[in-house]
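Please read this briefing alongside the sequence and the coordinates.

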Amino acid sequence: MKIGIIGSGHIGGTLTRRLRTLGHDVTVANSRGPQSLTDLATETGATAGTLEEAVQGAELVVVAIPLKAVPDLPPAPFEGKLVVDADNYYPERDGDIPELLDRSLSSSRWTADHLKGARVVKAFNNIQAAYLMDSGKPAGTPDRIALPVAGDDADAKRVVMELVDALGFDPVDAGTLDESWRQQPGTPVYGTDRGADGVRQGLAEARP
């Protein structure tokens, strides 16, 4: 696939590396500009670009940036795009966002409300970057780590679940975007390395 990645931090950088090893055509962008991504591009064979270059023509776009930066994203380029939201809300970093502080809204719904017209799927937000880099295993491996995937668009969610599987993890359907709070920080599946049954159990045990 042609994939755009917005953000070059722990998760964005790791996904750039992993997706390139799978042969995907990756363009990565960040807030500091393409010149800051020269080393990552040289290492991986990814293309360093602007946000518009990363999104344009992409079949899938990963957003892995501080949540407080989401309102700075121009919504228009994301219209109709499959967007994987790998962000988390950390009040100590992102400041007070009232509807997220009281959990009346999942952070992915908040992101989707900004990127109107995008097909947003929540994934990759609950795993540590080191595990994402090194812990992928072939399908059927007994201790394979599972990752929850939440979204409203069934086809978009299927594509992301197939990508999770290709990266070496068992995808678990985590419901709708409004239910994605079940994989946010502070929940049983956040920051863990559970198998598929354990992820399903953790999602069910999550409390607002």
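Contact, or touching, here means heavy atoms within 4.5 Å. This is a predicted model, in which local features need pLDDT of at least 70 and side-chain atom pairs count only at pLDDT 80 or more, while totals for chains, interfaces and linings use all residues. Residues are numbered from 1 along each chain as its sequence is written, and side-chain values use heavy atoms, with hydrogens and water left out.

**Nonpolar cores**

- Val 160 touches Leu 60, Leu 82, Val 84, Val 121, Ala 123 and Val 149, when residues up to four places away in sequence are not counted.
- A nonpolar core is a set of buried Ala, Val, Leu, Ile, Met, Phe, Trp, Tyr and Cys residues joined through side-chain atoms within 4.5 Å, where buried means under 20% relative accessible area, exposed over 50% and partly exposed in between (1.4 Å probe, protein chains only).
- The largest nonpolar core has 33 residues, of which Leu 15, Leu 60, Phe 124 and Val 160 touch the most other members.
- At least two residues of this core come from each of E1, H1, E2, E4, strand E5 (82-85), H7, strand E7 (146-151) and H8, the elements being DSSP runs numbered from the N terminus (helices H or I, at least four residues; strands E, at least two).
- H8 gives the most to this core, namely six residues.
- Another core, of 23 residues, lies apart from it and has Ala 29, Val 63, Leu 100 and Trp 110 among its members.

**Helix H1**

- The twelve residues of helix H1 (residues 10-21) should span 16 Å at 1.5 Å a residue, and the end C-alpha atoms, 17 Å apart, agree with this; the expected span is 1.5 Å times one less than the number of residues.
- Buried residues in H1 include Ile 11, Leu 15 and Leu 19, and what covers the buried residues of H1 includes strand E1 (2-6), strand E2 (25-29) and helix H8 (154-166).
- Just after H1, Gly 23 takes a positive phi of about 95°.

**Loop residue Pro 74**

- Pro 74 lies in the loop between E4 and E5, and counts as partly exposed because its relative accessibility is 29%.
- Pro 74 touches Leu 51 and Glu 52, not counting residues up to four places away in sequence; Pro 74 and Glu 52 are 22 residues apart in sequence and 9.2 Å apart in space, C-alpha to C-alpha.
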